[in-house]
Amino acid sequence: MIDDVSLKILKILQKKARIPNVEVARQVSMAPSAVLERIRKLEKTGLIDGYEVRLNPERFGKSQVAFIKVRTSGKGDEHGLVETLAAIAQVQEIHYVAGADSYLLKVRETDTKALGRLVRERIAPLKGVVSTSTTIVMNTFKETARIPIDDQDLIR
């Protein structure tokens with residue numbers, strides 16, 4: 001069960017995961033030890049999956065984003081295919097989707113040439129892949145992993 005205070009803590013942590021525990025405690029008007037206990041409980045129950053650092057992709061030469069639709073035969077080891085795709089470092093997201101395509105991948109590469117090699121040499125040849133279709137991102141205006149949570153989203 002999640003209450004108003006825990007929801008407020010989650011909102012604070014989503015904005016800045018590295019915020020000091022003392023500052024979270026100040027914002028929710030609680031003792032730091034009580035806040036730490038709540039955070040540990042939120043982690044233990046799986047409401048908090050983990051913490052990540054967001055790196056600037058341009059500083060690492062990985063500014064080319066693309067979405068790749070992967071159509072599969074639907075026969076064979078789909079789980080093995082997903083595991084193989086997940087092991088490719090450039091693949092940031094894999095979504096099983098409705099419609100003609102089976103999976104939608106979000107990938108990040110250095111440029112279109114490297115992206116072409118990735119699709120041609122690492123994704124298209126995989127067992128079970130029938131076809132791919134790539135959409136190249138020209139500019140990104142918003143990108144976030146934050147989950148929109150409101151007071152009415154309380155899990156009771």
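**Figure 1. Sequence separation of contacts and overall dimensions in the predicted model.** Of the contacts in the protein between residues at least 6 apart in sequence, 64% join residues at least 24 apart. The radius of gyration is 20 Å, whereas a compact globule of 156 residues would have a value near 15 Å. Along the principal axes, the C-alpha atoms fill a box of roughly 55 × 35 × 25 Å. The accessible surface amounts to about 11000 Å², and carbon and sulfur atoms account for 52% of this area. Buried residues make up 28% of the 156 residues.

**Figure 2. Order of the secondary structure elements.** The protein contains five helices and four strands. Read from the N terminus, the elements follow the order α-α-α-β-α-β-β-α-β.

**Figure 3. Contact of helix H2 with helix H3.** Helix H2 spans residues 21-28 and helix H3 spans residues 32-44; their axes come within 8 Å and cross at roughly 100°. Because angles of 65 to 115 degrees count as roughly perpendicular, H2 is roughly perpendicular to H3. On the H2 side, the contact is formed by Asn21, Val22, Val24, Ala25 and Val28. These residues meet Pro32, Val35, Leu36 and Ile39 of H3. Sorted by class, the residues in the contact of H2 with H3 are eight nonpolar and one polar, with no charged residues.

Figure 4. Strand E3 covers residues 103-109 and includes lysine 106. The relative accessibility of lysine 106 is 8%, so this residue counts as buried, the cut-off being under 20%. With neighbours within four places in sequence left aside, lysine 106 is in contact with Val65, Ala66 and Phe67, with Gln90, Val91, Gln92 and Glu93, and with Glu143.

Figure 5. Glutamine 92 belongs to strand E2, which runs over residues 91-96. Its relative accessible area is 43%, and glutamine 92 is therefore partly exposed, a class that lies between the buried limit of 20% and the exposed limit of 50%. Residues up to four places away in sequence not counted, glutamine 92 touches Lys106, Val107 and Arg108.

**Figure 6. The pair glutamine 92 and lysine 106.** Glutamine 92 and lysine 106 are 14 residues apart along the chain, and their C-alpha atoms are separated by 5.5 Å. Glutamine 92 is in strand E2, and lysine 106 is in strand E3. Lysine 106 counts as buried, whereas glutamine 92 is partly exposed.

How values were computed:
Residues numbered from 1 in each chain as written. Predicted model: local features only at pLDDT ≥ 70, side-chain atom pairs only at ≥ 80, totals over all residues. Heavy atoms only, no water. Axes fitted to C-alpha atoms, helices over the stretch in contact; angles between N-to-C directions. Helix = DSSP H or I, 4+ residues; strand = E, 2+ residues; numbered from the N terminus. Parallel < 35°, antiparallel > 145°, perpendicular 65-115°, else oblique. Contact = heavy atoms within 4.5 Å. Nonpolar A, V, L, I, M, F, W, Y, C, P; charged D, E, K, R; others polar. Rg over C-alpha atoms; globule rule 2.2 N^0.38 Å. Buried < 20%, exposed > 50% of the residue type's maximum accessible area, 1.4 Å probe, protein only. Areas by Shrake-Rupley, 256 points an atom, 1.4 Å probe, with all protein chains shown as cover.
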